[in-house]
Amino acid sequence: MDTFPTPETWLTHRVSYGETDAMSVMYYAEYLHLFERSRSEYIREHGMSYSEVEKRGIYLPVREAKCRYKRPARFDDLLHLRVGISKWGRASMTFEYEIYNESKDTVLATGSTEHACTNEKGRPVKVPEWLKDLFLG
């Protein structure tokens, strides 16, 4: 847990029945949904909602998503998700994620999402300084 990018945000989530498959294991695509929820919480925790970022004309579409499944999350498990930004590009950023079990002693999954920084027309733009300042404090 020492090399994770800072600042970081934690989100707690209990796995619902509807997020699981026939074996009561959390469906693989749900991990990406949890990444999105934790990313939104990261933005909010740093002082702005994602809708406010969009109102300022900046959009962050996902360019690439990765998830490494290490251990299954199951129905009714309490999960702790950690998110931080690991890389800044001229017109992009990469979020890193870790999903832990309830006691935070076992990593269940890791992942990342790379986001382009675009305007409302979908054209790449330089990451604005106000956005970097927001995230880096």
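Which residues of the largest nonpolar core touch the most other members? Some notes on the predicted model follow, with that core as the first topic.

1. **Basis.** This is a predicted model, in which local features need pLDDT of at least 70 and side-chain atom pairs count only at pLDDT 80 or more, while totals for chains, interfaces and linings use all residues. Residues are numbered from 1 along each chain as its sequence is written, and side-chain values use heavy atoms, with hydrogens and water left out.

2. **The core.** Leu79, Met93, Ile99, Leu131 and Phe135 touch the most other members of the largest nonpolar core, which has 28 residues. Such a core is a set of buried Ala, Val, Leu, Ile, Met, Phe, Trp, Tyr and Cys residues joined through side-chain atoms within 4.5 Å. Two or more residues each come from α1 (30-45), β3 (78-88), β4, β5 (107-116) and α3 (129-136). The most come from α1, which gives five. Helices (H or I, at least four residues) and strands (E, at least two) are DSSP runs, numbered from the N terminus.

3. **Ile99.** Contact means heavy atoms within 4.5 Å. Neighbours within four places in sequence aside, Ile99 is in contact with Tyr31, Leu34, Phe35, Leu79, His80, Leu81, Thr106, Val107, Leu108 and Ala109.

4. **Ser92.** Ser92 is in strand β4 (residues 92-100). Its relative accessible area is 11%, so Ser92 is buried. The cut-offs are under 20% for buried, over 50% for exposed, and partly exposed in between (1.4 Å probe, protein chains only). Beyond neighbours within four places in sequence, Ser92 is in contact with Arg63, Lys87, Glu114, His115, Ala116, Cys117 and Val127.

5. Tyr69 lies in strand β2 (residues 62-69) and is partly exposed, at 34% relative accessibility.

6. **Backbone points to check.** Thr6 and Pro7 are joined by a cis peptide bond, with omega about 0 degrees. Pro7 sits in the segment before β1 (8-14). Ser24 is not a glycine, yet has a positive phi of about 65 degrees; Ser24 lies in the loop between β1 and α1. Asp76, also not a glycine, has a positive phi of about 75 degrees and lies in the loop between β2 and β3.
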